[in-house]
Amino acid sequence: MKASMRKLTALLMAVWLLVGLAQPAAWADGGELTISSAKELVSFSRNCSLDTWSQGKTVRLTADIDLTAVDFAPIPTFGGTFLGDGHTISGLRIDASGSRMGLFRYIQKGAVVRDLHVSGTVTPDGSRTFVGGIAGVNAGAIQSCSFRGIVKGDEAVGGIVGRNDETGEIAGCTASGTVQGLDATGGIAGRNLGLLLKCENDAEVNTIQHDTS
């Protein structure tokens, strides 16, 4: 009986260790999820493939993160509060095929992304609709964020978001670099159906002639 109990205890400890290793980032006191490395950000993005996973969560960036040479896929959908705390995610490179492309593919209604700075390139292949530096489509609030780099797409292309939905708010944000699109292109939002407030665009928008032949 004692040998069986020891085996059971060892098995439970192994499972506990595996669960701990599988966590995408560290849970801080107060229930915040903290992200401080590229590895943790990649894991966080994978967890956000389920639209309900991030809802109600507060995520805090605690360090600058360099994604250069990192195999990073855009965050599929986000429904919580993402606090950048003034940190920068640099080296972002998105060139996969598809639409709704940005650091976040979709920011849900009621979600908040605040005080985050991003630099890199968002130049997807394929359909290339709804392309932005911070988000492909925003239905929540993006506040005091910036993007610096290159954003290229076909339709609804913006330095911050490709499409800002009716419930979307973009406030106090700045974009710099280059933004290129064929239809509905803007320095902050390619297509805006919501609120833009006190934003500043320093990006060059469609300053290069497109070959449409």
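The model is predicted, so local features are given where pLDDT is at least 70 and side-chain atom pairs count only at pLDDT 80 or more, while totals for chains, interfaces and linings use all residues. Residues are numbered from 1 along each chain as its sequence is written, and side-chain values use heavy atoms, with hydrogens and water left out.

The secondary structure of the protein chain consists of 2 helices and 21 strands. Helices here are DSSP runs of H or I with at least four residues, strands are runs of E with at least two, and both are numbered from the N terminus. Of the 213 residues in the protein chain, 45% are buried. Buried means under 20% relative accessible area, exposed means over 50%, and partly exposed lies in between, with a 1.4 Å probe and protein chains only. Contact means heavy atoms within 4.5 Å. Among contacts between residues at least 6 apart in sequence, 76% join residues at least 24 apart.

The nonpolar core comes next. Such a core is a set of buried Ala, Val, Leu, Ile, Met, Phe, Trp, Tyr and Cys residues joined through side-chain atoms within 4.5 Å. In soluble globular proteins, nonpolar side chains tend to be buried together. The largest nonpolar core here has 45 residues, and the members that touch the most others are Phe-44, Phe-104, Leu-116 and Ile-160. Among the elements that give two or more residues to this core are strand 2 (33-35), helix 2 (38-47), strand 3 (58-61), strand 9 (117-122) and strand 17 (174-180). Helix 2 contributes the most, with 4 residues.

Helix 2 is mostly covered, as 7 of its 10 residues are buried. These buried residues are Ala-38, Glu-40, Leu-41, Val-42, Ser-43, Phe-44 and Ser-45. Leu-116, another of the core members named above, has contacts with residues beyond four places in sequence that include Leu-61, Phe-82, Ile-89, Leu-103, Phe-104 and Cys-145.

Charged side chains give a second set of links. Side chains of opposite charge can pair when their charged atoms come close. A salt bridge is counted when a side-chain nitrogen of Lys or Arg is within 4 Å of a carboxyl oxygen of Asp or Glu. The whole structure has 7 salt bridges.

One of them joins the side chains of Arg-60 and Asp-85, at 2.8 Å from N to O. This pair links distant parts of the chain, with Arg-60 in strand 3 and Asp-85 in the loop between strand 5 (81-83) and strand 6, 25 residues apart. Arg-60 is partly exposed at 21% relative accessibility, and Asp-85 is partly exposed at 40%. Glu-32, Arg-60 and Asp-85 are linked in a network of salt bridges.

Another salt bridge pairs Arg-191 with Glu-155, whose closest N and O atoms are 3.4 Å apart. Arg-191 lies in strand 19 (residues 189-192) and Glu-155 in strand 14 (residues 155-158), so the pair ties together parts that are 36 residues apart in sequence. Arg-191 is partly exposed at 24% relative accessibility, and Glu-155 is partly exposed at 29%. Arg-191 also forms a salt bridge with Asp-183, with the closest N and O atoms 3.8 Å apart. Asp-183 is partly exposed, at 40% relative accessibility.

The largest pocket is lined by 14 residues, and Val-70, Phe-72, Arg-93, Ile-94 and Asp-95 lie nearest its centre. On a 1 Å grid over the protein atoms alone, a pocket is an open set of points where a 1.4 Å probe fits, with protein on both sides within 12 Å along at least five of seven lines, and lining residues have an atom within 4 Å of a point.

Two residues remain. Val-137 lies in strand 11 (residues 135-138) and is buried at 2% relative accessibility. Leaving out residues up to four places away in sequence, Val-137 touches Arg-100, Arg-105, Tyr-106, Ile-107, Phe-130, Arg-163 and Asp-165. The C-alpha atoms of Val-137 and Asn-164 are 6.0 Å apart, although the two are 27 residues apart in sequence.
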